[in-house]
Amino acid sequence: MPDALFSAYLEPNDPTPLYLQVGHHISGLIGKDERFMDRLPSEAELCRLYGVSRITVRQALSYLAKRDVIVRQHGRGTFVGAVHRPGRQKTIHSFFEILADKGLRPRMTLLDYRMQPAPEDVARGFGEQGDVLFIRRGYRSAEGPLGVTEVFYPGHLAKMVTPELAGSKTSATILKDIFKFQISHADISIGLTQAADDVSEWLNIARGSVLLKIKRVTACKGQGICEYSRLLVTEGAADFQIKADGEMLSEGMLHD
């Protein structure tokens, strides 16, 4: 029998092919579900969990393998790709800095700034309910759009991050240079997501296109979790490496 929590995610009448729905769901489980940490369940078990054919599962795994989300080893099984395992870094860098280091001349645009109820995963990250500050920024060069960052700040920091500050400084700069917070650590996770309509419009891509999502949850000394952010870039646009201890190397794309 299929697992209700898995099969309920699938929409047979959705225009998105079933194998992509399965692939996106598996990507979202990596690092969160104990069955999807280092090694994935077998093909037979995935067929059972989702209630789909082996062909659908194999297509989903092939899709993820081509994007290095997973690694398939003949005779051994399917494993999470090295750069898609959750990691912990010692400091944070901005997407703007990474782009500038690559010789680009990025321009940052404030796309959204508002208080809103915390989404479930953000509330869980902050460990509290209530309204949070949401900021979305877009980055582009002369060649076109480069990526979008979405940042959430807990309610007690909202008044400190003014629209003027949000529109002129990156989150890394705000936390480290403006507020003088000491970064305790930042936990990162990497996966795939479908672009929301407004993000698709900014990036000039088709609605529902697949994006690489790098999520960062930053802890500041004396402040607890001070930032929850995610970087959204088109597939193939990110260029980074993660060391064995989870630290992201400076040449990689990171966050706002």
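A word on the source. This is a predicted model: local features need pLDDT of at least 70, side-chain atom pairs count only at pLDDT 80 or more, and totals for chains, interfaces and linings use all residues. Residues are numbered from 1 along each chain as its sequence is written, and side-chain values use heavy atoms, with hydrogens and water left out.

Now the overall picture. The chain has 10 helices and nine strands. Both are DSSP runs numbered from the N terminus: helices are H or I with at least four residues, strands are E with at least two. Of the 256 residues, 48% are buried. Buried means under 20% relative accessible area, exposed means over 50%, and partly exposed lies in between (1.4 Å probe, protein chains only). Next, contacts, meaning heavy atoms within 4.5 Å. Take those between residues at least 6 apart in sequence: 62% join residues at least 24 apart.

Let's go to strand S8, residues 210-220. Here 10 of its 11 residues are buried. Which strands does S8 pair with? One is S7, residues 183-194, antiparallel over 11 bridges. Another is S9, also antiparallel, over 10 bridges. Two strands pair if DSSP finds at least two bridges between them. Look at single positions. Gln194 stands opposite Val210 in S8. Thr218 has Glu227 in S9 as its bridge partner. The hairpin of S8 and S9 has three residues between the strands, and Gly222 there takes a positive phi near 80°.

Stay with this region for the disulfide. The structure holds one. A disulfide is a pair of cysteine sulfur atoms within 2.5 Å. This one joins Cys220 to Cys226, S to S 2.1 Å. The link is right-handed, with 55° about the S-S bond. Are these two cysteines buried or exposed? Cys220 has a relative accessible area of 3%, so Cys220 is buried. Cys226 is buried too, at 0%. Cys47 also counts as buried, because its relative accessibility is 13%.

On to the rings. A pair of aromatic rings is described by the distance of the centres and the angle of the planes. Rings of Phe, Tyr and Trp (its six-membered ring) pair if their centres lie within 6.5 Å; planes under 30 degrees apart count as stacked, over 60 as edge-to-face, and the rest as tilted. By this rule there are six aromatic pairs. One of them is Phe152 with Tyr228: edge-to-face, 6.1 Å centre to centre, 75° between the planes. That pair links distant parts of the chain, with Phe152 in strand S6 (residues 144-153) and Tyr228 in S9 (residues 224-234), 76 residues apart. Both Phe152 and Tyr228 are buried. Phe179 and Phe181 form a tilted pair, 5.4 Å centre to centre, with 55° between the planes. Phe179 and Phe181 are both buried. Phe6, Phe36 and Tyr50 form one aromatic cluster.

The charged end of Arg140 sits over the ring of Trp202, 4.5 Å from its centre. The rule: NZ of Lys or CZ of Arg within 6 Å of the ring centre and within 35 degrees of the ring normal.

Last stop, Gln129. Gln129 lies in the loop between helix H6 (120-126) and strand S5 (131-141). Its relative accessible area is 68%, so Gln129 is exposed.
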